[in-house]
Amino acid sequence: MDDLLKFLRARIEEDNHAYAYVAQTFGGEALLDSHLPMLDLIEMLAQDYKVMEPTDARHAGLTYAIHALAQSYAEHPAYQQEWRP
């Protein structure tokens, strides 16, 4: 799971850099329909997973959610098929 979390954080960082470029080039209004809030949510879930005990009743659901969210990057060359939910 650590590899998946590293992969997700790298994709989030790439996306944030792309959005920063768009905002700088076209203005902040160009980001109104962006998925920046989703990037923040993914980062929060990844942080929660890191501190959550495996015995926590929410652990299995959070694991599935992270795998499902990572699937949006399935076309990326570093995505691993074993990460599919």
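Modeller: Happy to! A word on terms first: helices (H or I, at least four residues) and strands (E, at least two) are DSSP runs, numbered from the N terminus. This is a predicted model, where local features need pLDDT of at least 70 and side-chain atom pairs count only at pLDDT 80 or more, while totals for chains, interfaces and linings use all residues. Residues are numbered from 1 along each chain as its sequence is written, and side-chain values use heavy atoms, with hydrogens and water left out.

Colleague: Got it. How many helices and strands are there in the chain?

Modeller: The chain has three helices and zero strands. Read from the N terminus, its elements go α-α-α.

Colleague: And what does the C-alpha trace span along its principal axes?

Modeller: About 45 × 25 × 15 Å.

Colleague: What share of the 85 residues is buried?

Modeller: Buried residues account for 29% of them. Buried here means under 20% relative accessible area, exposed means over 50%, and partly exposed is in between (1.4 Å probe, protein chains only).

Colleague: What sits in the largest nonpolar core?

Modeller: That core has 19 residues, and Leu4, Phe7, Leu8, Leu62 and Ile66 have the most contacts inside it. Helix H1 (2-26), H2 and helix H3 (59-70) each supply at least two of the core's residues, and H1 gives the most, with six. By a nonpolar core I mean a set of buried Ala, Val, Leu, Ile, Met, Phe, Trp, Tyr and Cys residues joined through side-chain atoms within 4.5 Å. As a general point, nonpolar side chains in soluble globular proteins tend to be buried together.

Colleague: Let me pick Leu8. Which residues is Leu8 in contact with, leaving aside neighbours within four places in sequence?

Modeller: Leu8 is in contact with Ile42, Ile66, Ala70 and Tyr73. Contact means heavy atoms within 4.5 Å.

Colleague: Switching to rings: how many aromatic pairs does the structure hold?

Modeller: Four. One of them is Tyr79 with Trp83, an edge-to-face pair at 5.7 Å centre to centre, with 80° between the planes. The rule is that rings of Phe, Tyr and Trp (its six-membered ring) pair if their centres lie within 6.5 Å; planes under 30 degrees apart count as stacked, over 60 as edge-to-face and the rest as tilted.

Colleague: Are Tyr79 and Trp83 buried or exposed?

Modeller: Tyr79 and Trp83 are both buried. They also belong to one aromatic cluster together with Phe7 and Tyr73.

Colleague: Now charges. How many salt bridges does a search of the whole structure find?

Modeller: Four, a salt bridge being a side-chain nitrogen of Lys or Arg within 4 Å of a carboxyl oxygen of Asp or Glu,. Among them is Glu43 with Arg9, whose closest N and O atoms are 3.1 Å apart. That pair links distant parts of the chain, with Glu43 in helix H2 and Arg9 in helix H1, 34 residues apart.

Colleague: Why does Asp15 count as buried?

Modeller: Because its relative accessible area is 18%. Asp15 is found in helix H1 and, leaving aside neighbours within four places in sequence, is in contact with His35, Leu39 and Tyr73.

Colleague: How about His59, where is its place?

Modeller: His59 is in helix H3. It is buried, because its relative accessible area is 16%. Beyond its neighbours within four places in sequence, His59 is in contact with Tyr49, Met52, Glu53 and Pro54.

Colleague: Last one: what makes up the nonpolar surface patch of about 260 Å²?

Modeller: Met38, Leu41 and Met44 make that patch. Leu41 is found in helix H2 (residues 36-51), and Leu41 counts as partly exposed because its relative accessibility is 35%. Patches are made of residues with over 30% relative accessible area and no salt bridge: like charges are joined within 9 Å, nonpolar side chains (Val, Leu, Ile, Met, Phe, Trp, Tyr) within 5 Å. Accessible areas come from the Shrake-Rupley method with a 1.4 Å probe, and for residues only the protein chains shown count as cover.
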